[in-house]
Amino acid sequence: MFDDLPPDLERLLTLRVWHAMWLARIDNKISDIQRREAEREHGERVRPARPEWIVQLGIGTGRPPVQVHADDCYAAGNRRRAINGCE
């Protein structure tokens, strides 16, 4: 039989505590990853649909509309607002 464990009770109990601490760390990490994965999946389910069109807004008072872009347009800029079908 393969037995490389220490022969005395004190060291065996120390090893048991050490392994229990590691198991607790591993269990905590597993639950953290499961929670993050569940949050990511929930975010994907409740994310609103991407708009087909966006309006690029100007600079200054009232931020007037400047251009209309398709949603995936690379030139849309950072100042934008989604356009829904009834605007």
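What follows is a short exchange on labels given to parts of a predicted model.

Biologist: Why is His69 called buried?

Modeller: Its relative accessible area is 8%. Buried means under 20%, so His69 qualifies.

Biologist: Where is His69, and which residues does His69 touch, leaving out those up to four places away in sequence?

Modeller: His69 belongs to strand 2. Its contacts are Glu52, Trp53, Ile54, Gln56, Ala75 and Ala76, with residues up to four places away in sequence not counted.

Biologist: What makes the pair His69 and Gln67 a polar contact?

Modeller: Their side chains lie 3.2 Å apart. The cut-off is an N or O pair within 3.5 Å, one able to donate a hydrogen and the other to accept it. The pair is therefore counted as a polar contact.

Biologist: How do you know that strand 1 is paired with strand 2?

Modeller: Five bridges join strand 1 to strand 2, residues 65-70. Pairing needs at least two, so the two strands pair. They run antiparallel. Leu57 stands opposite Pro65 of strand 2.

Biologist: What makes strand 3 a partner of strand 1?

Modeller: Four bridges, again against a requirement of at least two, so they pair. The sense is antiparallel, and strand 3 covers residues 80-83. Val55 faces Arg81 of strand 3 as its opposite residue.

Biologist: Why is strand 1 called largely enclosed by the rest of the structure?

Modeller: Because four of its five residues, in the run 53-57, are buried.

Biologist: How do you know that the charge of Arg25 sits over the ring of Trp22?

Modeller: The charged end of Arg25 is 4.3 Å from the ring centre. The distance limit is within 6 Å, with an angle within 35 degrees of the ring normal also required.

Technical notes:
Residues numbered from 1 in each chain as written. Predicted model: local features only at pLDDT ≥ 70, side-chain atom pairs only at ≥ 80, totals over all residues. Heavy atoms only, no water. Buried < 20%, exposed > 50% of the residue type's maximum accessible area, 1.4 Å probe, protein only. Contact = heavy atoms within 4.5 Å.
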